[in-house]
Amino acid sequence: MSGPFSRIVLDRLLANNIGIAAVLLSGQSGVPLRKLPRPRTTGLSKPGDGFEIPLENTTVTSAATVREEYGVARGSSTPAPARAADWMPPAIPELADQVGAPSYDCGEIGHPEVTNWLAAMSVDVVCVACWNRVIPPSVLDIPRHGFLNVHPSLLPAYRGPNPLFWQYRAGEKATGVSVHWMDAGLDTGDIVGQRELKFEEGIRGAEAEELCALAGGELLAELLEKLKNGALPRTPQPAGGSYFPFPSEEDLVLDPNWDPRRAFNFMRAYAEWGIPFRLETEGTVFRLADALEWTEEASPEAAGEGTVWAQFRGGSVLAFECP
């Protein structure tokens, strides 16, 4: 895909000198394969100028660690930006062009034009960081080693297209990224590596996704270096696990039985979607836009104009009300 998650993962590969044969983006349905024109440059001298990440770190413990240890501009003493979104790599075609790799898009990855093109390149491995269509097993078998996917959860938990949303909704306090071999299932392939992450309270969803992409891209680069020297391990996923679909508006309904910390972090993460959070408590229905703070007090001081203290089990959340 063309969004931040894919862009950051590609930037991490290029910053670690992983050879890229080509980039394939998900394109308009019905268009089998199209080579994209060379883009204009934006001024970054080379891929990876945004972050320098030490490979010896095997676990990312928090968003603060990512900023402090991973956020220094390459070749400079400039402090890290306040959040990952303050720095973003160029668009994917421009990133690829900076290392001489062509960019393509397609609307059907199983189309003969696409499969013939992929087979003709004789690539070792295809790396995936967000893709919105099922990839057929016949395509997965084309690269010499197969397909590796970066997924923002600790598999087998939270398989599916939007794992961070469901982790916030469930009140998870820690998460992580997984790199796994792709198979015919949805996020069910053998695991190659995982890295844990802990986020600060009140982090926005977009920032959490960017930090997952940073950690996942670095992990993927490390694993590809190991693949050069031999086969990567394949650890079958444990039985069970969980799968969640795309969220709907109903999934933004708040449960008054949640603890206030859980409600606060969920609202903070997904207020940027612009869809009201619905809360029904003691016969009153609230439509909330964003959360400001939370407390374990059941009856805090009066809220200011346009805000309300929403009651949850064991405390309250100060939130903006929708007009």
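Q: Which residues lie nearest the centre of the largest pocket?
A: In this predicted model, C130, W131, G160, P161 and N162 lie nearest the centre of the largest pocket. Its lining has 40 residues.

Q: How much space lies in that largest pocket?
A: The largest pocket holds about 1,000 Å³ of space.

Q: Which element gives the most to its lining?
A: Helix α7 gives the most to the lining of the largest pocket, namely four residues. At least two residues each are supplied by α1 (4-15), β5 (146-151), α6 (163-169) and α7 (205-228).

Q: And how does the lining of the largest pocket divide by class?
A: The lining of the largest pocket has 22 nonpolar, 12 polar and six charged residues.

Q: What about the second largest pocket: how much space lies there?
A: The second largest pocket has about 860 Å³ of space. It is lined by 38 residues, and I20, A22, V125, V126 and C127 are the closest to its centre.

Q: Where does the largest share of that lining come from?
A: Helix α4 provides the largest share of the lining of the second largest pocket, with five residues. The elements that each supply at least two residues are α1, β1 (23-26), α4 (112-121), β4 (125-128) and α7. By class, this lining comprises 31 nonpolar, four polar and three charged residues.

Q: Turning to the sheet, in what order do the five strands come?
A: The order is β8-β9-β10-β12-β11, in an open sheet with mixed pairing. The edge strands, each pairing on one side only, are β8 (253-254) and β11 (307-312).

Q: Which helix packs on that sheet?
A: Helix α8 (residues 260-270) packs on the sheet and touches β8, β9 (277-281), β10, β11 and β12. The direction of α8 makes about 95 degrees with that of β10.

Q: How many bridges join β10 to β12?
A: Six bridges join β10 (residues 284-295) to β12 (residues 315-321), and the two strands run antiparallel. As one example, E293 has L318 in β12 as its bridge partner.

Q: Where is A271 placed?
A: A271 is in the loop between α8 and β9.

Q: Why does A271 count as buried?
A: A271 counts as buried because its relative accessibility is 16%, and the cut-off for buried is under 20%.

Q: Which residues does A271 contact, leaving aside neighbours within four places in sequence?
A: With those neighbours left aside, A271 is in contact with R204, F277, A289 and D290. A271 and R204 are 67 residues apart in sequence, and their C-alpha atoms are 8.1 Å apart in space.

Technical notes: Residues numbered from 1 in each chain as written. Predicted model: local features only at pLDDT ≥ 70, side-chain atom pairs only at ≥ 80, totals over all residues. Heavy atoms only, no water. Pairing = 2+ DSSP bridges. Contact = heavy atoms within 4.5 Å. Axes fitted to C-alpha atoms, helices over the stretch in contact; angles between N-to-C directions. 1 Å grid on protein atoms, 1.4 Å probe; cavity = no way out; pocket = protein on both sides within 12 Å on 5 of 7 lines; lining within 4 Å. Points joined across faces, edges and corners; volume = space filled by probe spheres on them. Nonpolar A, V, L, I, M, F, W, Y, C, P; charged D, E, K, R; others polar. Buried < 20%, exposed > 50% of the residue type's maximum accessible area, 1.4 Å probe, protein only.
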